[in-house]
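Try each task before you read its solution.

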Amino acid sequence: MARVDGLDDVVTLQRSRHRSSIAWSSAWQSAAQRFWSDASPGEHFSTSAGDLLADRLAGIVRGVDARLGSPEDFVVIDLGAADGALVSLVRDRCGELGDRARWIAVDVRDRFVDGIEGVVAEIPGDLPAVPIRGVVMAHEWLDEIPLDIVERDAVGIDRLVLVDEGGEESLGPSIDDDAACAQWGVDAAAVRAWISRWWPLREVGDRAEVGLPRDAAWTWMTSLLTSGLALAVDYGHERDQRVDDLRRGTLAGYRAGRVLAPVPDGSAGLTAHVAIDSCRAAVPGTTLTRQRDEFALAHLPEAANADAIERYFATRRLRQSAGLGSFAWLRWEAP
Ligand SMILES: C[S@@+](CC[C@H](N)C(=O)[O-])C[C@H]1O[C@@H](n2cnc3c(N)ncnc32)[C@H](O)[C@@H]1O
């Protein structure tokens with residue numbers, strides 16, 4: 001066999017350089033476990049969870065209940081629910097159904113508001129009480145699911161991005177090298193197939209955030225239903241946006257309401273927007289709407305009172321085209 005002089009040294013050097021680096025999905029996973037073990041979500045971010053969203057969700061939940069004939073065993077599960085405040089607001093708006101149904105909040109954190117059944121679990125994973133008849137929802141959870149990142153290097157090879165605990169990145173194996181990627185816990189064939197369909201790289205430095213785990217999470221959500229509705233609401237992008245505008249990706253950290261560099265040391269939450277078209281394709285029958293279409297903006301009469309004015313501006317905020325208005329609403333209905 002031909003031998004390249006010095007190759008062993010190069011390999012050893014690369015290994016030692018990467019010793020403390022791991023694939024992004026693994027780094028993110030352990031960083032998230034550390035971050036959420038003592039963080040209280042309210043300290044770090046505000047989502048659009050609130051009265052208007054709860055009104056809209058309650059309307060949807062009541063509609064599903066009516067379609068299923070108001071069964072005794074109706075269940076609502078909120079995944080990545082933080083302390084369950086949102087699902088509790090929804091229950092409060094559901095009248096008789098609020099008492100009849102089971103209302104479950106699932107999160108890795110173990111503090112839940114009163115009146116909601118809290119389940120501490122790392123998901124996707126085993127849950128009690130499933131599959132259910134009812135509604136499975138997730139508001140701003142999919143974007144927190146760890147994923148891998150691939151970057152095109154200086155000579156045009158697409159490589160797995162590795163990262164150390166300080167956030168220092170290095171380029172790992174080519175994604176054409178199945179065996180080398182497997183050593184970092186990555187299924188290179190699946191990554192190649194996903195990238196070529198959903199986020200092709202074109203130029204040096206282009207990066208793709210590989211949405212496979214979010215596709216799997218959405219598939220898992222729909223598997224929790226015997227009948228009813230799965231609903232995920234999140235920041236999303238589609239292929240055209242990724243290829244044209246998001247060529248460096250969307251990965252970011254956040255802490256105390258501020259956006260930070262993504263450092264997987266557990267001191268910040270990590271997030272990357274969701275490849276919503278690939279989630280949609282993962283489960284046939286999934287539909288996609290944008291948040292701006294979920295909230296009607298009523299005309300504000302001249303003599304409107306303070307409540308109506310507040311509601312009007314809150315609705316406008318949820319519909320803003322450059323911000324919350326473009327949130328993706330993924331739905332899948334089980335018969
Ligand atoms: C951005 S917060 C959203 C909270 C709430 N749904 C809302 O909209 O206000 C994400 C939540 O997902 C939870 N979470 C993240 N990864 C999780 C996992 N793998 N399993 C369970 N919960 C998770 C976090 O603890 C956090 O409470």
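**Exercise 1.** Find which strands pair with β5, and in what sense.

*Solution.* Begin with strand β2 (residues 74-79): β2 and β5 pair in the parallel sense over six bridges. Two strands pair if DSSP finds at least two bridges between them, and strands are DSSP runs of E with at least two residues, numbered from the N terminus. This is a predicted model, where local features need pLDDT of at least 70, side-chain atom pairs count only at pLDDT 80 or more, and totals for chains, interfaces and linings use all residues. Residues are numbered from 1 along each chain as its sequence is written.

Next, locate Phe74, which stands opposite Arg133 in β5. Then turn to strand β10 (residues 225-234), which pairs with β5 in the parallel sense over eight bridges. There, Leu225 is the bridge partner of Ile132.

Finally, check burial: a residue is buried if 20 or more other C-beta atoms lie within 10 Å of its own, exposed if 12 or fewer, and partly exposed in between, with C-beta atoms placed from the backbone. In strand β5 (residues 132-139), seven of the eight residues are buried, so the strand is largely enclosed by the rest of the structure.

**Exercise 2.** Work out which residues of helix α2 (residues 24-38) are buried and which are exposed on the other side.

*Solution.* First, list the buried residues of α2: Trp24, Ala27, Trp28, Ala31, Ala32, Phe35 and Trp36. Now look across to the other side of α2, where Gln33, Ser37 and Asp38 are exposed.

Key:
Helices (H or I, at least four residues) and strands (E, at least two) are DSSP runs, numbered from the N terminus.
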